[in-house]
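This report walks through the contacts between neighbouring chains of one assembly. It then turns to the strands inside a single chain.

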Amino acid sequence: MEKPLKILHASLTNRVMVELRGGRGYHGTLDGYDVPHMNLVLKNVEEMENGESIGKHNTVIVRGDNIIYVSP
Amino acid sequence: MEKPLKILHASLTNRVMVELRGGRGYHGTLDGYDVPHMNLVLKNVEEMENGESIGKHNTVIVRGDNIIYVSP
Amino acid sequence: MEKPLKILHASLTNRVMVELRGGRGYHGTLDGYDVPHMNLVLKNVEEMENGESIGKHNTVIVRGDNIIYVSP
Amino acid sequence: MEKPLKILHASLTNRVMVELRGGRGYHGTLDGYDVPHMNLVLKNVEEMENGESIGKHNTVIVRGDNIIYVSP
Amino acid sequence: MEKPLKILHASLTNRVMVELRGGRGYHGTLDGYDVPHMNLVLKNVEEMENGESIGKHNTVIVRGDNIIYVSP
Amino acid sequence: MEKPLKILHASLTNRVMVELRGGRGYHGTLDGYDVPHMNLVLKNVEEMENGESIGKHNTVIVRGDNIIYVSP
Amino acid sequence: MEKPLKILHASLTNRVMVELRGGRGYHGTLDGYDVPHMNLVLKNVEEMENGESIGKHNTVIVRGDNIIYVSP
C-alpha cells in the first residue's frame, strides 16, 4: 500500500499534471507541498483549460482545496 | 457490519470504480488511501467523463473531497 | 427521541434509499457506516438518476458529504 | 432568548417543515436530531420539490448540512 | 468597535432581515441565536424570494451556513 | 509585512467595499469584525449587485464565509 | 523542496497574480498573508475578470477560501 502523500513526495522534481474543479489544469514540475492542505508549488507551469494551453507561469502555488487529482 | 474503511482496505490491489462530483470517474487499481480524508492512489487508471473514456494515467492521487462513491 | 445514528444503526442489513445532491440515488442493503462522517457501505446496489436506474453494483462506499437523506 | 436547539427540542413529536438547498423540502414528524450536525429524523414524511409532493417515506434521516431552515 | 455577535445580541426581540444564498430572505423577529454557528430563531416570519413574499411562518430556525447577512 | 487582520483593524470607522460571491457587494463604514470568521459589521450600507445600488441598510452583519475581498 | 508558505513569504513586496474561483483575478503587490487561511493583503491592485481589467484598488484583503492559485 502506498499512501497518497508518499506518492506525492516521490513526485518532487518530476513533471505532474494537476486537475482542478472547473476544467482548469496545470502541468508543471512539483517543487513542494504542505500537509494536510495539499497546497502545491509548481514550477515551469503550463496552465490548461479544457485541454488547451491558456498561459505559462514560472511558479504557481495551487490551493489544495480545488484539486481533483494529481497525476505524477 | 462492515466499516467503510475496512471495505476500502480490503479493496487494495483490486480494480475499483471511483465516481466524482461533476460526471468524472476513474477506473483503476487501488494502491493506497489515507485517513480521514479518503484521498486515494489509483494505478493504471482510465479516466471517464459521463461514461466515456477521456484518458489514461499510470498513477493518480484523487482527493477524497470530490468523491461520491467508490465501488470495489 | 431517536438519534439519527441510532436509526441508521437499526437499519443495518435492511434495504435503504440514499439520495445524494445532484439527482443521484442508491437503493441497497446497508452494510456499514462510520461516525461522524456518515460514510455508508451498501450492498446489491441499484444506482438511480432522476428516478431511473442507471446501473448496478455489488458494493459501494458512499461518502457522507454528498448525502441529502437516508430512508430506511 | 430561545436558543435554536431548544426550539428544535421543543418540536419533537410535532410536524415540522424542513427546507433544503435546491428546492427540496420535507414535511414530517420530528423524531430526533443530533448535535452539532443538526441531522434530523423525520417520520411519516412527505417529500416536496418546488412546492409539489414527490413522494412519501416512513422515516428519513436528513443530513443537517443541506438544511436551510426548520419550521416547527 | 462593535463585534458582530454583540450587534446580533442587541437585535433580540427586534425585526431583522436575513438574506440567504440563492435569493431567499426572511423578515422576522429575532428570538435567538447560537454560537459559533450563528443559527437563528425567527418569529412571525415572512419568507421572501427575489424580493417577493412567498409565505409566512410562526417560527423558523435558520441555519447559519446559508446566511449572507443579517440586517437589524 | 501587514497581516490581513491588522489591515482590517486599521480600517475601523472607515468606508470599505466588501465583495461577496455571486455579484453582491456592500459599501459601508466598518464598525466591527470577529476572528477567525471575519464576520463584519457595516454601518450606513449601500448594497450593490453587479455594480448597481439595490438598497440601503443602517447596519448589516456580513458573514465572512461569502466574502471575496474587503477593500479599505 | 519548497513549502507553499515559504514561496509565498519570499514573494512579499513583489507583484503577484492571484486567481479566484469564478473568473476573477487580482494583480498586486503582496503585502501580507496569514496562516493557515492564506488570506492575502495586496496593494496597488488591478482587478481582472476573464482577463480584462475591471477596476483598481489601493488595498484589498483577499480571503484565502476563494483562491485557486497565487503566481509570484
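How many residue pairs are in polar contact across the interface of chain A and chain B? The rule finds twelve, with both residues of each pair at pLDDT 80 or more. That threshold applies because this is a predicted model.

**Chain A against chain B**

On chain A, the elements that give two or more residues to the side touching chain B are α1 (4-10), β1 (15-20) and β5 (67-71). β5(A) gives the most, with five residues. By class, that side of chain A has twelve nonpolar, three polar and five charged residues. In total the contact takes 20 residues from chain A and 23 residues from chain B. The two chains bury about 1,700 Å² between them. Carbon and sulfur atoms carry 57% of that area.

The count of salt bridges between chain A and chain B is one. It joins the side chains of Glu19(A) and Arg24(B), at 2.7 Å from N to O. The pair crosses between chains, from strand β1 of chain A to strand β2 (residues 24-33) of chain B.

β5(A) pairs with strand β4 (residues 52-62) of chain B. The sense is antiparallel, over two bridges. In this pairing Tyr69(A) stands opposite Val62(B) in β4(B).

**Chain A against chain G**

Which elements of chain A each supply at least two residues of the side that touches chain G? Start with the polar contacts: across the interface of chain A and chain G the rule finds twelve residue pairs, both at pLDDT 80 or more. The elements are β2 (24-33), β3 (40-49) and β4 (52-62) of chain A. By class, the side of chain A that touches chain G has nine nonpolar, seven polar and six charged residues.

This contact takes 22 residues from chain A and 20 residues from chain G. The buried area is about 1,700 Å², with 57% of it on carbon and sulfur atoms. In chain A, Ile61(A), Arg63(A) and Asn66(A) lose the most area to chain G. Together they make up 37% of what that side buries.

One salt bridge is found across the interface of chain A and chain G. Arg24(A) forms it with Glu19(G), and the closest N and O atoms are 2.7 Å apart. β4(A) pairs with strand β5 (residues 67-71) of chain G in the antiparallel sense, over two bridges. Ile61(A) stands opposite Val70(G) in β5(G).

| Item | Chain A partner | Other partner | Value |
|---|---|---|---|
| Salt bridge | Glu19(A) | Arg24(B) | 2.7 Å, N to O |
| Salt bridge | Arg24(A) | Glu19(G) | 2.7 Å, N to O |
| Strand pair | β5(A) | β4(B) | two bridges, antiparallel |
| Strand pair | β4(A) | β5(G) | two bridges, antiparallel |

**How the copies relate**

A rotation of 51 degrees, with 0.0 Å of shift along its axis, superposes chain A on chain B at an RMSD of 0.0 Å. The copies use different surfaces: 10% of the contact residues of chain A recur in chain B. Chain A can also be laid on chain G, again by a turn of 51 degrees and a shift of 0.0 Å along the axis. The RMSD there is 0.0 Å.

Why do chain A and chain G meet through different surfaces? Only 5% of the interface residues of chain A are also interface residues in chain G, so the copies meet through different surfaces.

Some pairs of chains do not touch. Chain B and chain E have their nearest C-alpha atoms 19 Å apart. For chain B and chain F, which do not touch either, that distance is 19 Å. Over all chains, the salt bridge count comes to 35.

**Strands inside chain E**

Within chain E, strand β1 (residues 15-20) and strand β2 (residues 24-33) pair in the antiparallel sense over five bridges. Arg15(E) has Thr29(E) as its bridge partner in β2(E). The two strands form a hairpin with three residues between them. Gly22(E), in the turn, has a positive phi of about 95 degrees.

β1(E) has another partner in strand β5 (residues 67-71) of chain E. Four bridges join them, and they run antiparallel. Met17(E) stands opposite Ser71(E) in β5(E).

Methods:
Residues are numbered from 1 along each chain as its sequence is written. Chains are lettered from A and ligands numbered from 1 in the order in which they are written. This is a predicted model: local features need pLDDT of at least 70, side-chain atom pairs count only at pLDDT 80 or more; totals for chains, interfaces and linings use all residues. Side-chain values use heavy atoms; hydrogens and water are left out. Copies are superposed by least squares on the C-alpha atoms of residues with pLDDT of at least 70 in both. Contact means heavy atoms within 4.5 Å. Buried area is the accessible area (1.4 Å probe) that two parts lose on being put together, summed over both. A salt bridge is a side-chain nitrogen of Lys or Arg within 4 Å of a carboxyl oxygen of Asp or Glu. A polar contact is a pair of N or O atoms within 3.5 Å; within protein, one must be able to donate a hydrogen and the other to accept it, and residues adjacent in sequence count only if both atoms are side-chain atoms. Ala, Val, Leu, Ile, Met, Phe, Trp, Tyr, Cys and Pro count as nonpolar, Asp, Glu, Lys and Arg as charged, and the others, Gly among them, as polar. Two strands pair if DSSP finds at least two bridges between them.
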